[in-house]
Amino acid sequence: MAEPFTIYKLIVLYMVSHSEKEVSNSQITDFILERGYTSYFHLQQAISELMESKLLEKRTISNTSYYSLTGEGKAVLSALEAELSSEIRKDILDYLRDLGCKEPERILTPADCYETPQGNYAVRCQLVEKNTTLIDLNLIAPSQEAARSICRSWPKKSQNIYELIMEELL
């Protein structure tokens with residue numbers, strides 16, 4: 001039987017591997033904490049070690065971290081997956097299935113702001129429907145606060161902006 005800390009890492013790898021959508025840090029945390037597997041701090045340490053070992057990659061959109069497996073991560077999971085009990089694997093798959101039912105978002109509106117190498121603040125706004133990017137908009141904002149404001153407004157206004165652009169171009 002694997003050490004508990006190894007089990008936490010395998011749970012994370014298994015969740016990320018078997019999810020149809022990207023899994024966020026908060027979704028992983030909810031699953032682990034709701035079942036009492038470990039503490040928040042041990043989980044974050046496990047995730048950090050998975051990233052340091054290059055088994056897991058993180059991308060951040062609007063202050064939300066999403067994870068994906070690297071090739072090495074897939075290989076490690078494949079080799080060690082049997083260390084996870086069938087009950088834990090079933091519990092993870094059930095959780096992911098239920099999560100999919102709770103979040104039937106066919107339309108995603110990610111928006112992220114960042115500082116450019118030139119010192120400007122840029123914003124990237126996307127409108128994604130059923131895994132198809134309808135619009136991918138990059139803007140330079142006049143200030144950091146303006147960039148943050150654009151990110152906050154994008155989910156509410158993206159559909160109208162897309163319609164206006166299409167109307168003007170067609």
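Predicted model: local features only at pLDDT ≥ 70, side-chain atom pairs only at ≥ 80, totals over all residues.

Strand S4 (residues 107–108) pairs with strand S6 (residues 121–129) in the antiparallel sense over two bridges, where pairing requires that DSSP finds at least two bridges between the strands, and where strands (E, at least two residues) and helices (H or I, at least four) are DSSP runs numbered from the N terminus. Within that pair, Leu108 has Val128 of S6 as its bridge partner.

Residues are numbered from 1 along each chain as its sequence is written, and side-chain values use heavy atoms, with hydrogens and water left out.

S6 also pairs with strand S5 (residues 111–115), antiparallel and over five bridges, with Glu115 opposite Tyr121; five residues lie between these strands in their hairpin, and Gly119 takes a positive phi near 90°. Nine bridges then join S6 to the antiparallel strand S7 (residues 132–141), where Ala141 stands opposite Tyr121, and the two residues between S6 and S7 form a turn in which Lys130 has a positive phi of about 50°.

Turning to the open sheet, its three strands follow the order S1-S3-S2 with antiparallel pairing. Strands S1 (23–24) and S2 (56–61) each have a single partner strand, so one side of each is left without a neighbour in the sheet. Helix H3 (residues 40–52) packs on this sheet and touches S2 and S3, its direction making about 110° with that of S2; contact means heavy atoms within 4.5 Å, and axes are lines fitted to C-alpha atoms, for helices over the stretch in contact, with angles from 0 to 180 degrees between N-to-C directions.
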